[in-house]
Amino acid sequence: MPVHRSGSARGRRLTLTGILLAAFSLLLTVPAQSSSAADIPPRGSAHMGMGVVEHDGQHGTPVPGDATQTEGVDVSSHQGNVAWSTLWNSGVKWAYVKATEGTYYTNPYFAQQYNGSYNVGMIRGAYHFATPDTTSGATQANYFVDHGGGWSRDGKTLPGALDIEWNPYGAACYGKTQSQMVSWIRDFLNTYKARTGRDAVIYTATSWWTQCTGNYSGFAAYNPLWIARYASTVGTLPAGWSYYTMWQYTSSGPTVGDHNRFNGALDRVQALANG
């Protein structure tokens, strides 16, 4: 007479159900993790203003044709070989070119972009995308100067710019407290000035500056402000600065996406270049 082990069968069914539920649960979680990882860009691909739309939005563009301001662009490897003559003929008179990021990246298009803008008559400078979570401010300033971020009094070279904004690779403030961030920036700026004799331009957005430096005002006396805001007006500036020197107002301009206005006529751009 066969023996029925109903309890054992029920146990096996329950165990199998548990395994299936666990497997299903894993299937649900894996895509979300993969998607999150896929959203992180590769190191070196950061560029000026890449976090502005995501964090601050886009709210129009300024009124065109302001004769008291001078049009400029900023470029990185994303633009590849730039049509500088087209930009010059459209009224663009100055440019900044990404030279470096952290201490691990140099722009492969730097020569074409930096020399090309100069050759059509533009006043140009170089910028560094800061990664305060990788190395010190002094180390990155030295790397920047050694790889295209220097300055010469030729009337056509703007002082280097520190691009300090949202971290595209992780936490917005790079894992630093507000006081630590201020110290990192000071370390970069002091080293850059010691190497070049010039005070670097600070590129940032008011909301990031407030969040990550506590709206620190101590750099305003010496470092020109390049503000990022995609809107019809420049909006509130970070503490200490009563005016901006440059304004990145869009990432969707003609020929090259990132367009800017210098807060003054061309002779003021020349004055900044001359120091």
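Buried here means under 20% relative accessible area, exposed means over 50%, and partly exposed falls in between (1.4 Å probe, protein chains only). This is a predicted model, so local features need pLDDT of at least 70 and side-chain atom pairs count only at pLDDT 80 or more, while totals for chains, interfaces and linings use all residues. Residues are numbered from 1 along each chain as its sequence is written, and side-chain values use heavy atoms, with hydrogens and water left out.

**The overall picture**

- Of the 275 residues in the protein, 46% are buried.
- Take the contacts (heavy atoms within 4.5 Å) between residues at least 6 apart in sequence: 70% of them join residues at least 24 apart.

**Helix H6 and its neighbours**

- Helix H6 covers residues 178-196, 19 residues in total, and spans 27 Å from its first C-alpha to its last, close to the 27 Å expected at 1.5 Å a residue. That expected span is 1.5 Å times one less than the number of residues.
- The buried residues of H6 are Met181, Val182, Trp184, Ile185, Phe188, Leu189, Thr191, Tyr192 and Thr196.
- Packed against the buried residues of H6 are strand E4 (123-129), helix H5 (137-146), strand E5 (161-163), strand E6 (201-204) and helix H7 (206-213).
- Gly197 follows H6 and has a positive phi, near 85°.

- The link of Cys173 and Cys212 is left-handed, with -75° about the S-S bond.
- Cys173 is buried at a relative accessible area of 13%, and Cys212 is buried at 0%.
- Tyr174 also lies in the loop between E5 and H6. Its phi is positive, near 60°, in a residue other than glycine, and Tyr174 is buried with a relative accessible area of 5%.
- Asn215, in the loop between H7 and strand E7 (225-228), has a positive phi near 60° and is partly exposed at 27% relative accessibility.

**Pockets**

- A pocket is an open set of points on a 1 Å grid over the protein atoms alone, where a 1.4 Å probe fits, with protein on both sides within 12 Å along at least five of seven lines; lining residues have an atom within 4 Å of a point.
- The largest pocket holds about 320 Å³ of space, and a volume is the space filled by probe spheres set on the points.
- Lining the largest pocket are 17 residues, with Pro224, Tyr243, Thr245, Phe262 and Leu272 nearest its centre.
- Helix H8 (residues 266-274) gives the largest share of that lining, three residues.
- The second largest pocket has a volume of about 180 Å³ and is lined by Met50, Gly51, Glu54, His55, Trp166, Asn167, Pro168, Gly170 and Ala172.

Technical notes: Helix = DSSP H or I, 4+ residues; strand = E, 2+ residues; numbered from the N terminus. Disulfide = S-S within 2.5 Å.
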